[in-house]
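Subject: The structure we talked about

Hi,

Here is the structure I promised to pass on. Please open it next to this email, and I will walk you through what turned up.

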Amino acid sequence: MTAKLANFGLRILLIAAVLAVWEAFVRVLDIPAFILPRPTSVFMALYRGTVSTMYFEHLQVTLTETLIGFGVGCSLALVLGTVVALSRRTEYFLYPFIVMFQAMPKVALAPIIIVWFGLGLTSKVITAALVAFFPLLVNTIVGLRSADEDRVNLMRSLAASRWQIFWMLQLPNAMPYIFAGLEIAMIFSLLGAIVAELVGAESGLGMLIQSMNFTMDVAGQFSVLLILSALGLALNGIVTAIRRRVLFWDVTQKLEIEGAKVKKGGTT
Amino acid sequence: MRQREWNILQGGLRIVAPAAETAAAREVIAVRRLSKRYGSRADAILALDDIDFSVPDREFLSIVGPSGCGKSTLLKILAGLLHATEGEAWLNDTAIDGPRRDIGVVFQSPVLFPWRSVLGNVLLPADVQRLGRAEMTKRAYDLLKLVGLDGFEHRYPWELSGGMQQRVALVRALIHDPALLLMDEPFGALDALTRESMNVELQRIWLDRRKTVVFVTHSTSEAVFLADRVMVMSARPGTIADMLKIELPRPRSLDVMTTEAFGTYVRRIRAGLNAGGGLE
């Protein structure tokens, strides 16, 4: 327990040391603030933006775009993925489209989407949904098709209907794949929303970075980046927490957790 | 489709005949001139050739043979998972032309769903066949107790040993009270000691529940230990090489394996396998 605490202290100390070196580096070499700001000015910018609730308003906009985009993209991916996985015919006709879109960097569509849907919420939601859609689509298809042959034979030997095989076997069996897809989709939809905001928006953290860039407020941009990584971590953490609850039975995940336990145990 | 209609037609015609012979030991399974070919005409592989046998009610039949003799194929046909190329298999006077609800199957691996508890796995057939949950749960508790798994109802498969998992699979196969239990090398993946104790266990359960069982294995001693009759198969093409009645008193203990009579049965099976070119 004390060793654990000491390690944690060491970790904090290391971060502090990096920040101190950075601060000293900028001061001694007299690097201009619009090239590389000092950590202290980044924290000052973060403090000011937070106190004035300005960051909070933009955070709310970006979060809304991300979550709606995630919801829309994931719902479509789950529905279409299921249809494709269950029907070879649908797969045959949709396959060229899927391959084409999958190979394309979806964020490159952001400028066109802004032209079509304007500077408001809609264009951001569509970009986020589009980027979140594909990883989940592919994982849903692969997951639903990965049911072990023995298990399918067991269901068939019980005279199960196609729907029963889907609900009782294929869907639960696909859940680890679906959750892996959801985790990627969550981060991707944040990425999509930010890119769309950078291209053209009236509010949001991406727009904030863009406008700070024009005024050469680099410290401000760094502070927004901090908020964005905190947001990404939080969103990912929520999906991971849900996954742990739902997939308590997933052996590979269990190994992962036990592995972490062993690692922690090793330090004490 | 045409095959199926033909079978139904045949079924209609056949109902008369078996009904007359119910006074004798009733046949639960009747396999008539069954053949199975895999692949197209040119390079077809004959997996089963002209298999003909029947199993009376409550008999324990072991099928033993080398790998590739088609014993698993035969079991899949009985389970309705595969269609025969020629001939037919009958279960309680109806032709088997697809999966049916009055058969329980135990596979080589336990095939448990990790997202279902032990109880949930056992109740899977009840869920699929929409049987009364309350009554089935009571049955599940009884059967789990019978196999020595009481107290494990709410555990998950990954918390159990291989032998325990296979017991859960056995209970699952029995839960809907099937007319026939098919077992495809159910203990093949277990270590030798667990396997022997599972054999004793299975005999005890069978004596308690008295199902008609078809048990596929490639262990001669396992086949003899468990069975009322042993069917010996040879490979390429799969044919019946020998059929022998095992007249050892029950319940049999593991000591029976060292007796002269047991050795005689095993030797005769070996001879049958050798004659069929099964043992190189």
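Predicted model: local features only at pLDDT ≥ 70, side-chain atom pairs only at ≥ 80, totals over all residues.

**Chain A and its two domains**

Chain A falls into domain 1, covering 1–31, and domain 2, covering 38–267. Over C-alpha atoms, the centres of domain 1 of chain A and domain 2 of chain A lie 33 Å apart. The contact between them involves eight residues of domain 1 of chain A and four residues of domain 2 of chain A. On the domain 1 side of chain A, the touching residues are four nonpolar, one polar and three charged.

**Where the chains meet**

Between the chains, 14 residues of chain A are in contact with 18 residues of chain B. On the chain B side, strand 6 (103–106) and helix 5 (124–128) each supply at least two residues. Which element of chain B gives the most to the side that touches chain A? That is helix 5 of chain B, with three residues. By class, the chain B side has 13 nonpolar, two polar and three charged residues.

**Chain B as a whole**

Chain B has 10 helices and 10 strands. Of its 280 residues, 41% are buried. If you take the contacts in chain B between residues at least 6 apart in sequence, 73% of them join residues at least 24 apart.

Chain B also has two assigned domains: domain 1 (43–102 + 179–280) and domain 2 (114–176). Their centres, taken over C-alpha atoms, are 25 Å apart. Domain 1 of chain B brings 12 residues to the contact and domain 2 of chain B brings nine residues. Helix 8 (residues 192–209) of chain B provides the largest share of the domain 1 side, six residues. That domain 1 side is made up of seven nonpolar, one polar and four charged residues.

**A four-stranded sheet in chain B**

Next, have a look at the open sheet of four strands in chain B, which has the order 2-1-4-5 and antiparallel pairing. As a reminder, strands of a sheet pair through backbone hydrogen bonds. The edges are strand 2 (45–56) and strand 5 (94–95) of chain B, each pairing on one side only.

Strand 1 (residues 27–38) of chain B pairs with strand 4 (residues 86–91) of chain B over five bridges, in the antiparallel sense. If you want to find this pairing on screen, look for Ala30(B), which stands opposite Trp90(B) in strand 4 of chain B. Strand 1 of chain B also pairs with strand 2 of chain B, again antiparallel, over eight bridges. Here Glu27(B) sits opposite Pro56(B) in strand 2 of chain B. These two strands, 1 and 2 of chain B, form a hairpin with six residues between them, and Gly39(B) in the turn has a positive phi of about 90°.

Just after helix 6 of chain B comes Gly148(B), with a positive phi of about 80°.

Helix 10 (residues 260–275) of chain B has 16 residues and reaches 22 Å from its first C-alpha to its last, close to the 22 Å expected. In helix 10 of chain B, the buried residues are Tyr265(B), Ile269(B), Gly272(B) and Leu273(B). They fall within an arc of 100° seen down the axis, so they line one face of helix 10 of chain B. An α-helix has 3.6 residues a turn, so residues three or four places apart point the same way. The buried residues of helix 10 of chain B pack against strand 3 (60–64), helix 9 (220–226), strand 9 (229–234) and strand 10 (239–245) of chain B. On the face turned away from them are the exposed residues Glu260(B), Thr264(B) and Arg267(B).

Best wishes

Conventions: Residues numbered from 1 in each chain as written. Chains lettered and ligands numbered in written order. Domains from an automatic or database assignment. Contact = placed C-beta atoms within 7 Å. Nonpolar A, V, L, I, M, F, W, Y, C, P; charged D, E, K, R; others polar. Pairing = 2+ DSSP bridges. Buried ≥ 20, exposed ≤ 12 C-beta atoms within 10 Å, placed from the backbone. Expected span 1.5 Å × (residues − 1). Arc of directions from axis to C-beta.
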